[in-house]
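Me: I would like to go through this model with you. Could we start with how its helices pack?

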Amino acid sequence: MTGGHALLRIEQALLAANEIPKVRIGGRIKEVTPSHYRVCGLSGHLMLGEQVSLERDDGGSVIGEVVRLDETGATVKPYDKITDAGLGEIAWRLNRLTISPGPAWKGRLVNALGDPVDGRGPIASGTRTITTDNLPPQATKRRIAKTALATTIRAIDLFTPICAGQRIGVFAGSGIGKTTLLSMFARAQGFDTVVVALVGERGREVREFAEVTLKDSLSRAVIVVATSDESAMLRRQAPQTAMAIAEYFRDQGESVLLIVDSVTRYAHACREIALAAGEPPVARGYAPSVFGDIPRLLERAGPGEDGSGAITGIFSVLVDGDDHNEPIADTVRGILDGHIVLDRTIAEQGRYPAVNVLTSVSRLAHHAWSAEQRGLVMKLRALIARFEDTRDLRLLGGYQPGADAELDQAVQLVPIIYEAMKQGPDTPYGPSAFRDLADALAAQAVATPQSG
């Protein structure tokens with residue numbers, strides 16, 4: 001009986017312990033600036049990337065993230081646009097940001113924290129909770145990306161074809177058709193799920209992108225939004241949340257298309273946060289940590305391990321001042337598996353998408369082309385290069401037909417190639433880009449004798 005009474009007392013003690021509120025750890029705010037605030041008393045209990053909260057009288061809370069730690073306190077950047085904090089307030093420790101994506105997230109718009117923003121009510125959570133700053137799969141366990149994908153964009157499928165699990169960048173200045181090209185990618189078939197991160201975009205474009213641009217593809221898409229007027233914390237968080245959502249569906253065995261527009265605005269947000277944390281600017285105002293944040297994000301996309309799906313990543317880069325060698329463009333280009341360059345000169349000629357096929361490269365094109373197609377593309381590139389190199393000569397009247405057979409061929413065929421690559425979001429697409437080009441060349445060959 002004595003042993004039974006002891007067990008009963010232990011059971012009662014455990015039940016009582018479960019009713020005791022969990023101990024919370026907090027610290028007091030000692031400094032407030034327009035961009036961040038400092039908390040004392042929490043340094044020994046926090047890690048970089050964890051969250052703290054400020055409780056409000058209405059029952060809500062203001063969340064911030066720890067961006068710097070030292071012996072005297074923690075520097076916290078709030079997710080809100082305005083630092084709504086007062087001296088002496090208590091900041092409570094939280095864990096890292098987590099989300100619970102699931103099938104019900106498809107067709108919805110969420111913010112950088114994973115909360116719905118489309119006015120359609122709450123989203124059913126998935127069965128698994130994940131953090132948003134996950135590590136990429138182990139390099140030695142990843143599958144090889146070699147399955148060709150048809151984007152239905154002729155200029156891409158011809159000259160810079162992509163494979164499932166490839167990461168490719170779209171490099172462009174402002175106003176050259178970058179967003180339109182990305183919308184054409186989003187409509188591509190062959191993907192189970194499309195995840196789009198709109199980082200620093202204009203607020204008016206969000207609904208247009210969801211309801212007009214995606215149209216029928218919205219039912220398989222998840223859109224993560226952080227507009228240009230939102231805080232740097234949310235603009236930095238949006239691509240990470242989108243990547244975590246893509247990773248969830250990849251782990252379910254799905255083929256995922258991830259579009260991030262744009263990495264440049266993500267880098268701008270990282271720069272603002274790093275400077276607030278006290279880092280020195282080293283390259284055009286960018287702090288050293290920015291050049292570590294970018295590869296950590298981009299490497300999470302790509303093929304998964306055996307048994308899982310793949311994340312095909314399309315990352316846009318807004319080239320500052322049309323300088324393709326500026327620090328962010330240079331860093332991203334060296335990490336990705338290819339780059340598509342949009343040229344302002346081509347756009348000014350009215351040829352959209354304004355892809356410069358001579359400077360665009362796909363590092364996995366050899367998996368997508370057959371030997372015959374590879375030879376044809378190399379020949380087409382040579383003709384286009386010859387046509388562009390002699391443009392000034394021909395404008396000055398220095399070109400004489402019959403003097404150079406290769407140049408004659410370029411003058412005859414390249415305008416047809418350019419016309420065949422013209423394409424809008426609603427332009428019909430044939431069986432393949434190569435077939436469409438062959439049909440265009442054949443039609444011109446038939447029409448030429450009649451015009452003579």
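Me: How do the axes of helix 11 and helix 13 cross?
Reply: In this predicted model, the axes of helix 11 (residues 371–389) and helix 13 (residues 405–421) come within 8 Å and cross at roughly 100°. Axes are lines fitted to C-alpha atoms, for helices over the stretch in contact, with angles from 0 to 180 degrees between N-to-C directions. Helices (H or I, at least four residues) and strands (E, at least two) are DSSP runs, numbered from the N terminus. Helix 11 and helix 13 are therefore roughly perpendicular (65 to 115 degrees).

Me: Which residues make the contact?
Reply: Among them are Leu380, Leu383 and Phe387 of helix 11 and Leu407, Val411 and Tyr418 of helix 13; contact means heavy atoms within 4.5 Å.

Me: Now the strands: in what order does the closed barrel run?
Reply: Its 6 strands run 1-2-5-4-3-6 with antiparallel pairing, where a pair needs at least two DSSP bridges. The twist averages 45° from one strand to the next.

Me: What joins strand 1 to strand 2?
Reply: A hairpin does, through 4 residues. The two strands also share 4 bridges, and Ile29 has Val39 as its bridge partner.

Me: And how many bridges join strand 1 to strand 6?
Reply: There are 3, in the antiparallel sense, and Gly27 is partnered with Ala91.

Note on methods. Residues are numbered from 1 along each chain as its sequence is written. This is a predicted model: local features need pLDDT of at least 70, side-chain atom pairs count only at pLDDT 80 or more; totals for chains, interfaces and linings use all residues. Side-chain values use heavy atoms; hydrogens and water are left out. Angles under 35 degrees count as roughly parallel, over 145 as roughly antiparallel, 65 to 115 as roughly perpendicular and the rest as oblique.
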